[in-house]
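Subject: Structure handover

Hello,

Here is the structure for you to take over. My notes on it follow below.

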Amino acid sequence: QQARKAYDLKIDRVESVITSKLRDKLGSASNANEMFRIFAKFNALFFRPHIRGAIQEYQNQLLRIVQRDIKALKEKYLKYNQ
């Protein structure tokens with residue numbers, strides 16, 4: 001029981017460090033490609049609830065960036081083909 005508590009505490013600390021790094025990297029990403037690259041790097045840890053929570057914070061931001069990029073691409077295409 002005591003060993004389990006010690007293990008859980010260590011895992012919590014490691015997850016907190018990873019979550020902090022993940023948030024820092026996602027927060028400083030300037031475009032969707034960078035965000036996807038960061039998500040790919042941390043993908044193996046997404047099953048951990050603590051880390052999954054950090055990722056969910058950035059899902060809407062990523063969707064907005066992708067939508068903005070698609071709109072810009074569409075406008076560029078339409079402008080070029082007119």
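In these notes, buried means under 20% relative accessible area, exposed means over 50%, and partly exposed is in between (1.4 Å probe, protein chains only). Helices are DSSP runs of H or I of at least four residues, and strands are runs of E of at least two, numbered from the N terminus. This is a predicted model, in which local features need pLDDT of at least 70 and side-chain atom pairs count only at pLDDT 80 or more, while totals for chains, interfaces and linings use all residues. Residues are numbered from 1 along each chain as its sequence is written, and side-chain values use heavy atoms, with hydrogens and water left out.

Helix α3

Helix α3 covers residues 49-80, 32 residues in total. Its first and last C-alpha atoms are 46 Å apart, close to the 46 Å expected (1.5 Å times one less than the number of residues). A kink of about 35° is centred on Tyr 58; the bend at a residue is the angle between axes fitted to the seven residues ending there and the seven starting there. Tyr 58 is also one of the buried residues of α3, along with Ile 51, Ala 54, Ile 55, Leu 62 and Ile 65. These buried residues pack against α1 (2-28) and α2 (32-42), contact meaning heavy atoms within 4.5 Å.

Core and aromatic pair

Leaving aside residues up to four places away in sequence, Phe 39 touches Leu 26, Phe 46, Ile 55, Tyr 58 and Leu 62. The structure holds one aromatic pair. Phe 39 and Phe 46 form this pair, edge-to-face, at 6.2 Å centre to centre with 85° between the planes. (Rings of Phe, Tyr and Trp, the last by its six-membered ring, pair if their centres lie within 6.5 Å; planes under 30 degrees apart count as stacked, over 60 as edge-to-face and the rest as tilted.) Both Phe 39 and Phe 46 are buried.

Two single residues

Glu 15 lies in helix α1 and counts as buried because its relative accessibility is 7%. Ala 40, in helix α2, counts as exposed because its value is 56%.

Regards
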